[in-house]
Amino acid sequence: MRFFRPFFTAGRLFPEALFRIKSPEKTAYLTFVDGPDPESTPELLDILDSANVKAVFFCSGEAVEKYPELADQIKLRGHIIGNHGYYHLNGWKTSLYEYCNNAERASRTTSSSFFRPPYGRLRISQYNHLKKTFKIVFWDIMCYDFDISYGADRSLLLLKKKLRPGSIIVLHDTLKSTCRTFLNNFLEDAMAKGYKFSKTL
């Protein structure tokens, strides 16, 4: 079963985390995870440039150390880099000490302000520790662009259908992701409906 929005109980478990930014304005927030990647990141940056849209890239500390020039390009083009952990750890299967050290290690090259848990899996103890340092950012819409079997057309349709004011959208900055094939279409459609995109979470 697929869940396009987080469980309604997630906000109760993590009350200070961001899932959606409530606003009467037609503003949405585009975020990417798992990069930077030498093949997908440049293409995503070009698409965003052509649409004049800024986003938040939640990057792996390991990938930033491997591709520092790509992280520099993300920042030079006016986007924000967030923290997605040094390694892509599953919080449900990782100790408090290891998980928090992993996030703190990544903060040296990514962000000391914003953290997104890999897989969205976070224990309450991990949350309580990390919220002292980071604004923890989940999402409002997951369109499964990382799953080739789901298909780009379905992902695009889902985004168009589920988009609402304040939505935080998660997409994937990886070669496997289908989002590069539909991102421009989605942005054009959303902006034609009066939406603007902000990087200010």
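Guide: The model is predicted, so local features need pLDDT of at least 70 and side-chain atom pairs count only at pLDDT 80 or more, while totals for chains, interfaces and linings use all residues. Residues are numbered from 1 along each chain as its sequence is written, and side-chain values use heavy atoms, with hydrogens and water left out.

Visitor: Why is phenylalanine 14 called buried?
Guide: Buried means under 20% relative accessible area, exposed over 50%, and partly exposed in between (1.4 Å probe, protein chains only). Phenylalanine 14 has 7% relative accessibility, so it counts as buried.

Visitor: Where is phenylalanine 14 found, and what does it touch?
Guide: It is found in the loop between helix H1 (10-13) and strand S1 (27-33). Helices (H or I, at least four residues) and strands (E, at least two) are DSSP runs, numbered from the N terminus. Contact means heavy atoms within 4.5 Å. Leaving aside residues up to four places away in sequence, phenylalanine 14 touches Phe19, Leu122, Arg123, Ile124, Tyr127 and Phe138. Ring pairs also link Phe14, Phe19, Tyr127, Phe138 and Trp139 into a cluster.

Visitor: What makes the pair of tyrosine 144 and phenylalanine 146 a tilted one?
Guide: Rings of Phe, Tyr and Trp (its six-membered ring) pair if their centres lie within 6.5 Å; planes under 30 degrees apart count as stacked, over 60 as edge-to-face and the rest as tilted. The whole structure has 11 aromatic pairs. In this one the centres are 5.5 Å apart and the planes at 45°, so the pair is tilted. Tyrosine 144 counts as buried, at 13% relative accessibility. Phenylalanine 146, at 32%, counts as partly exposed.

Visitor: How do you know that the buried residues of H4 line one face?
Guide: The buried residues of helix H4 (residues 68-76) are Leu70, Ala71 and Ile74. They fall within an arc of 100° seen down the axis, so they line one face of H4. The arc is that of the directions from the helix axis to the C-beta atoms. These residues pack against helix H2 (40-51), strand S2 (56-59), H3 and S3.

Visitor: What puts the buried residues of H5 on the same side?
Guide: In helix H5 (residues 96-106), Tyr99, Cys100, Asn102, Ala103 and Ala106 are buried. They cover an arc of only 150° around the axis, which puts them on the same side of H5.

Visitor: Why is the charge of arginine 105 said to sit over the ring of tyrosine 86?
Guide: A charge sits over a ring if NZ of Lys or CZ of Arg is within 6 Å of the ring centre and within 35 degrees of the ring normal. The charged end of arginine 105 sits over the ring of tyrosine 86, 3.6 Å from its centre.
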